[in-house]
Amino acid sequence: MTRLHIIGIGNSFRGDDSVGARVVERLQQRVTGAATPGVRFTQSRGDVAELIQAFEDCQEAVLIDAVYCTDSVKPGAVIKLDLHSNEVPLEHLRASSHCLGVAESVELARVLDCLPATLTLWGIAGENFPLGSELSAPVAVAADAVVEALWGQYFAPDTRANAAAPAY
Amino acid sequence: MAEKQIPVRAGIKSRRIKVDNLTRVEGEGSLLIDVQGGELRELKLKIFEPPRFFEALLKGRALGEAPDITARICGICPVAYMMSAVHAMERALGVTVSDPIRQLRRLLYCGEWIESHVLHIFMLHAPDFLGYDDVIGMARDHGERVKSALAMKKAGNEIIRVLGGREVHPINVKVGGFYKLPEKAALTALLDPLKHGRDTARDTVLWASSLDFPELTRQYEFVALQHPDEYPMNDGRIVSSRGLDIQQTEFPDHFEEIHLPHSNALHAVRKEHRSAYFVGPMARYQLSRDQLSEETRALAKEAGFLRDVNNPFESIVVRALETHYAFDEAIRLIEQYEVDGASSVPAPARKARGVAATEAPRGLLFHQYDVDERGLITRANIVPPTSQNQFTIEEDLHDLVSANLELPQDLLTARCEQAIRNYDPCISCATHFLKLDIRRD
């Protein structure tokens, strides 16, 4: 069983929707060469079967995904949520470029009793989702901060304390 | 989400029903139905997901890029886009691939039919028949069935991962063949989950055939590929249940796309009478069920479905039968596979036009390309299955609403959404398509 599965979700070709994949990509580059037994990295489109299978096969899962902005959540804001204890915030995640997205997958896994012991969502509020576009400036900055926070929480030798979501 | 504007009592013949955002379909759209004086005055399937202009994006790109670019039109059926693109390009270039490559492409298509059909049957359509808002509610009472569905879908995903290089948007498909042929052992490792999946698919057919199907029987013109030796996926002539029998190159002579103001997606019609037609699993089943495997045909007979199916609500059973067949066919293809020959054949550029239609899970997917002597695309035309089914969906809704005006508002609204989902519409593909608004005052 995988100890820690870090899953970046999104469409690499849709601007800010690609932020999950970008974070995983940069984090993987940074840990290259370091001993990371039991750790798995995945760039995912958020397919329901793939996600639930991943949840079943790991002790801890970290999801990084773009989320929608609200009146109080501005582009580049980072939301860190314990999804094992809390329901998915549908106002941010219900809309998806897929017909069944992360929110449905997590809640379906909860009903099927397939959630890992620890499940955390790092949501990065995006504003720019057209096909072929790049990460918007605030989301690019937030991506760097999330990479740093995940490095600090899981991989840096002397800073293993839980990282707080950076404030924006 | 349904917007119930006016409470309706039985006997009232005029009302307006509106659903602003159809759920459990891929993409964004809505439906508006306006009934006045007991007559259906207006019915519009509105598609407002913005058009994605893929055809324009392809101009000037190298012909070899078409499979990978068009695969991005849809996250559910990228294999279908890749297959139509590679076949069209190969016909333009006069390239014929080897039989092992052809069989591997069919195997790849089996993987996509399994994952797409299972997703639709259980996650999107079954909650309608069982009275749940969504699959999450359904899973609270039918957890084991949902788990077994996920296992089936995973088996389909695995075919695409092994053969396509990854589960989504495969990267191993090229004009002329594949970049790399899979090892026999990598495919053989898929056999156990596929055999288990075939058993589950058998249960699915028998379960689906026991569901209650709303009344709606219509006489459709079914259109699908037909092949003398196999159930259609990658190859065949375009035939219809009303006698059409043409080569794929003749598609533009018999079908056309028209634009209506209420929709971003083009509506496809038969050119001769500007009439609706029906593509997808029911069309394939109507025209080619004799080509299904012996085991799938026996299962269809056991389920009481080895017959014409003209009620679109029964499409869930046909989709389950095709799922069983896809497992059966995938197992056959893997068992006979041997690594043999080159992974691709050369495909030198030349100025030409190429067309191809293949059978996406939702139905016929037509691609047409013009390429110049440098191998650059000068024109592209893509006709996805959902835009071909739009008029038929609207006609189904017309008959359904007309026959059920006495139903309470919420029930009629739900029935209309279920009727749309009969077609597993992929709005994202079509705009390159749904909200429900039924007005009854």
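Predicted model: local features only at pLDDT ≥ 70, side-chain atom pairs only at ≥ 80, totals over all residues.
Local features were considered where pLDDT was at least 70 and side-chain atom pairs at pLDDT 80 or more, whereas totals for chains, interfaces and linings use all residues. Residues are numbered from 1 along each chain as its sequence is written, and chains are lettered from A and ligands numbered from 1 in the order in which they are written.

In chain A, an open sheet with mixed pairing is built from five strands in the order S2-S1-S3-S5-S4, where strands are DSSP runs of E with at least two residues and helices are runs of H or I with at least four, both numbered from the N terminus, and where two strands pair if DSSP finds at least two bridges between them. S2 and strand S4 (78-82) of chain A form the edges, each pairing on one side only. From one strand to the next the twist averages 15°, with axes taken as lines fitted to C-alpha atoms, for helices over the stretch in contact, and with angles running from 0 to 180 degrees between N-to-C directions.

Helix H1 (residues 19-31) of chain A packs on this sheet, where it touches S1, S2, S3 and strand S5 (118-126) of chain A, and its direction makes about 135° with that of S1(A); contact here requires C-beta atoms, placed from the backbone, to lie within 7 Å. Helix H5 (residues 137-155) of chain A also packs on the sheet, touching S1, S3, S4 and S5 of chain A, with its direction at about 160° to that of S5(A).

Strand S1 (residues 2-9) of chain A runs parallel to strand S3 (residues 58-68) of chain A, to which six bridges join it, and six bridges likewise link S1(A) in parallel to strand S2 (residues 39-44) of chain A. A:Gly8 stands opposite A:Ile64 in S3(A) and opposite A:Gln43 in S2(A), while A:Leu4 stands opposite A:Val39 in S2(A).

Helix H2 (residues 48-56) of chain A is mostly covered, with seven of its nine residues buried, that is, having 20 or more other C-beta atoms within 10 Å of their own C-beta atom, as against 12 or fewer for exposed residues and values in between for partly exposed ones, C-beta atoms being placed from the backbone. Among the buried residues of H2(A) are A:Glu50 and A:Phe55. The buried residues of this helix pack against S1, S2, S3 and helix H4 (102-111) of chain A, together with helix H4 (99-130) and helix H6 (143-164) of chain B. Chain B contains 15 helices and 15 strands, and buried residues make up 56% of its 441 residues.

Key:
Contact = placed C-beta atoms within 7 Å.
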